[in-house]
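Hello,

Here is the structure I promised to hand over. Please open it, then read my notes below.

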Amino acid sequence: MRIVIALGGNALLRRGQALTAENQRENVRIAAEAMAPVARQHQLAVSHGNGPQVGLLALQGAAYKPDELYPLDVLGAETEGMIGYMIEQEMGNLLPPEVPFATILTMIEVDQADPAFADPTKFIGPVYEEAEARRLAADKNWSIKPDGDKWRRVVASPKPKRIFEIRPICWLLERNTIVICAGGGGIPTVYDENRKLQGTEAVIDKDLASELLARELDADLLIMATDVDAVYTDWGTPEAKAIRQTSPEALRAQSFPAGSMGPKVEAACLYVERTGKAAVIGGLADLESMVTGSAGTTINSTASGLEWYDKVTRDF
């Protein structure tokens, strides 16, 4: 099969973890160990988050020359190269040496008129206590919002329209290359009034970009790997229940947090509705089982309502 795996931000840096190269390397190593068995049997394209990494680069740039900040599209391109390098190296250490890899800098078109530019919602960078976040927002002209019990910077997150590098990505997959692409939602680009392509100050939602990638690649399966073993109703309460299989209609009838599971559910439902194929949301450690439908939450058009796992797999 041709599979797109979207790695959640937790695969690269756990919440609250120090933004060090060593921590990122160790987390990528864990992700590689989960992906390698899948790559041995299927064509594989890998996308990933980059929110903490973009935020870190922005802070580093501000420390260097506060009045000459690098734009977010350039920082996004930098993170694609850095993270792709780590994924290639760690997976390459696990797979036969003849397996080819390629990291593709991936530009994705967005609409300059997208209403997201007027309402920043995408979290980037590290978490802060409220007082520190407000001080930074005032100093750096940031938009900030609460993220759980902490605060973070937020930027515009317009919807992805088109992947410019889709043809070379397809060519590489046809030659059984493992492709790392659309990292961090891709590099946000727009056409100006003269039809010249240029970057824009935004971060595209990684889950929606991964859905677009899977659809344009005609993938057989979209997997969204996160730090939760399935999609739960009543998450965080004693009534929490893990969904085994569901239809997009039944899943949309539930409520999920906009800052965590919500975007993954939306992207998975869109993919199933637009293609008639399946999507799976589940834990990184269960990747092989998610491919066979024996782990995670499978969303497909043939499911009837919500089907549950026999018992709750998490304690609260």
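The largest nonpolar core has 45 residues, and Leu-213 and Leu-217 touch the most other members. A nonpolar core here is a set of buried Ala, Val, Leu, Ile, Met, Phe, Trp, Tyr and Cys residues joined through side-chain atoms within 4.5 Å. Buried means under 20% relative accessible area (1.4 Å probe, protein chains only). Several elements each supply at least two residues of this core, among them helix H5 (166-174), helix H6 (206-216) and strand S12 (221-226). H8 gives the most, with 8 residues. A second, separate core holds 32 residues, including Met-35, Val-46, Met-86 and Leu-221.

This is a predicted model: local features need pLDDT of at least 70, side-chain atom pairs count only at pLDDT 80 or more, and totals for chains, interfaces and linings use all residues. Residues are numbered from 1 along each chain as its sequence is written, and side-chain values use heavy atoms, without hydrogens and water.

Back to Leu-213. Not counting residues up to four places away in sequence, Leu-213 touches Val-4, Ser-47, Ile-163, Ile-166, Ile-169, Cys-181 and Ala-182. Contact means heavy atoms within 4.5 Å.

Now the whole protein. There are 9 helices and 17 strands. These are DSSP runs, numbered from the N terminus: helices are H or I with at least four residues, strands E with at least two. Of the 316 residues, 53% count as buried. Among contacts with a separation of 6 or more, 75% join residues 24 or more positions apart. The C-alpha atoms fill a box of roughly 55 × 50 × 40 Å along the principal axes.

Best wishes

How values were computed: Buried < 20%, exposed > 50% of the residue type's maximum accessible area, 1.4 Å probe, protein only.
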